[in-house]
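User: I am new to this structure. Please show it, then take my questions one at a time.

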Amino acid sequence: MDTADTSAWRSARNTLAAAWAARNARERSMLLLAAAVLGLYLLWALALAPALATVRSAPAKLDALDGQLQQMQRLAAEATELRATPPVPPEQSQVVLSAAAARLGDKAKLTLQGPRATLTVTGMPAEELTAWIAEVRVGARARVIEGQLNRTPQGLYAGNVVLAIGGGP
């Protein structure tokens, strides 16, 4: 600190000391009590309350993280299982895809193009679409490589899902 800061500090301190000395004993006691209450409030608001909130919310967050960990472990086990299954020839994959798409009825149209298949859906519930994808992932060893779906006002889906089949890109 330079001398100007030091003299300003001394001046402010002297002014406060004079104001303090001018107060009677009861006023000084009340000011000390007010300062103590303010200090305790600041301690609570800045240190204790956030720490207590963290401690209270920790069990719920830990449960959520445990759930996420279990889901990741299930997905990892499923991926390992799928990698261990033998590949399906492209012709057989196409047959499985065609049969699965035929079960969807007029809500879906399947287009086969070499190592890719495109499923075009209109007005399909999410549960039905995810079940179909799970079925062809296991039965035809097809994997989704691209998807463009829009949700209709009725809560159904419309769009395209592109799948790679037969070990293609």
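User: Which residue in β4 does Leu-149 stand opposite?

Analyst: This is a predicted model, where local features need pLDDT of at least 70, side-chain atom pairs count only at pLDDT 80 or more, and totals for chains, interfaces and linings use all residues. Residues are numbered from 1 along each chain as its sequence is written, and side-chain values use heavy atoms, leaving out hydrogens and water. Strands here are DSSP runs of E with at least two residues, helices are runs of H or I with at least four, and both are numbered from the N terminus. In β4, the residue opposite Leu-149 is Gly-159.

User: How many bridges join β3 to β4?

Analyst: Strand β3 covers residues 143-151 and β4 covers 157-164. Two strands pair if DSSP finds at least two bridges between them. These two run antiparallel, and the bridges joining them number 8.

User: Which residue in the turn between β3 and β4 has a positive phi?

Analyst: The two strands form a hairpin, with 5 residues between them. A phi of about 90° belongs to a residue in that turn, Gly-155.

User: Which strands stand at the edges of the sheet?

Analyst: The sheet is open, with 4 strands in the order β1-β2-β4-β3 and antiparallel pairing. Each edge strand has a single partner, so one side of it is left without a neighbour in the sheet. The edge strands are β1 (108-113) and β3.

User: At what angle do the axes of α3 and α4 cross?

Analyst: Axes are lines fitted to C-alpha atoms, for helices over the stretch in contact, and angles run from 0 to 180 degrees between N-to-C directions. Helix α3 spans residues 90-103 and helix α4 spans 126-139. Their axes come within 10 Å and cross at roughly 160°.

User: How are α3 and α4 therefore oriented to each other?

Analyst: Angles under 35 degrees count as roughly parallel, over 145 as roughly antiparallel, 65 to 115 as roughly perpendicular and the rest as oblique. The crossing angle is roughly 160°. The two helices are therefore roughly antiparallel.

User: Which residue forms a salt bridge with Glu-78?

Analyst: A salt bridge puts a side-chain nitrogen of Lys or Arg within 4 Å of a carboxyl oxygen of Asp or Glu. By this rule the count is 3. For Glu-78, the closest N and O atoms are 2.0 Å apart, and the partner is Arg-137.

User: How many residues apart are Glu-78 and Arg-137?

Analyst: The pair links distant parts of the chain. Glu-78 sits in helix α2 (residues 25-84), and Arg-137 sits in helix α4. The separation is 59 residues.
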